[in-house]
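Reader: I have a chain to look at and some questions about its fold. Can we go through them briefly?

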Amino acid sequence: MKPAAVTSYLTERGVHDSLVLDATLATSELVTNALLHGQAPVELRMRIEGADVLIEVRDRATYQPRKL
């Protein structure tokens, strides 16, 4: 998903501009990490619950991430 799609999704739902920017950046980082270190396909789910934006990124890797 392109960052513009995340921005549009949140803006159309009336999310405050500062939260839109933060959520767009966080989503971009999560998806990039999944693409670089996970296994395709990568799924993105986003929903709004009250004042919160919930972002979920999932890939198909079967191993647990480890700290470096």
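Author: What follows is a set of questions and answers on this predicted model.

Reader: In what order do the elements of the chain run from the N terminus?

Author: The chain has two helices and two strands. Reading from the N terminus on, the order is α-α-β-β.

Reader: What does the C-alpha trace span along its principal axes?

Author: The chain holds 68 residues, and buried ones make up 16% of them. Along the principal axes, the C-alpha trace spans about 35 × 20 × 20 Å.

Reader: What share of the accessible surface belongs to carbon and sulfur atoms?

Author: The accessible surface of the chain comes to about 5400 Å². The share from carbon and sulfur atoms is 54%.

Reader: How far apart are the centres of the positive and negative side chains?

Author: There are 8 positive and 9 negative side chains.

Reader: How wide an arc do the buried residues of α2 cover around the axis?

Author: The buried residues in α2 are Val-20, Ala-23, Thr-24, Thr-27, Val-31 and Ala-34. They lie on the same side of α2, because their arc around the axis is only 105 degrees.

Reader: Which elements do these buried residues pack against?

Author: The face turned away from the buried side of α2 carries exposed residues, among them Leu-21, Asp-22 and His-37. The buried residues of α2 have other partners: α1 (3-12), β1 (43-49) and β2 (52-58).

Reader: Is Thr-27 buried or exposed, and which residues does Thr-27 touch?

Author: Thr-27 is found in helix α2. Its relative accessibility is 3%, so Thr-27 counts as buried. Leaving out residues up to four places away in sequence, Thr-27 touches Val-6, Leu-44, Met-46 and Ile-55.

Reader: What is the relative accessible area of Ser-28?

Author: Ser-28 is also in helix α2. Buried would need under 20% and exposed over 50%. Ser-28 is partly exposed, because its relative accessible area is 30%.

Reader: What separates the C-alpha atoms of Ser-28 and Tyr-63?

Author: Along the chain, Ser-28 and Tyr-63 are 35 residues apart. Their C-alpha atoms are separated by 22 Å.

Note on methods
Residues numbered from 1 in each chain as written. Predicted model: local features only at pLDDT ≥ 70, side-chain atom pairs only at ≥ 80, totals over all residues. Heavy atoms only, no water. Helix = DSSP H or I, 4+ residues; strand = E, 2+ residues; numbered from the N terminus. Buried < 20%, exposed > 50% of the residue type's maximum accessible area, 1.4 Å probe, protein only. Areas by Shrake-Rupley, 256 points an atom, 1.4 Å probe, with all protein chains shown as cover. Lys, Arg positive; Asp, Glu negative; His and termini not counted. Charge placed at Lys NZ, Arg CZ, Asp CG, Glu CD. Arc of directions from axis to C-beta. Contact = heavy atoms within 4.5 Å.
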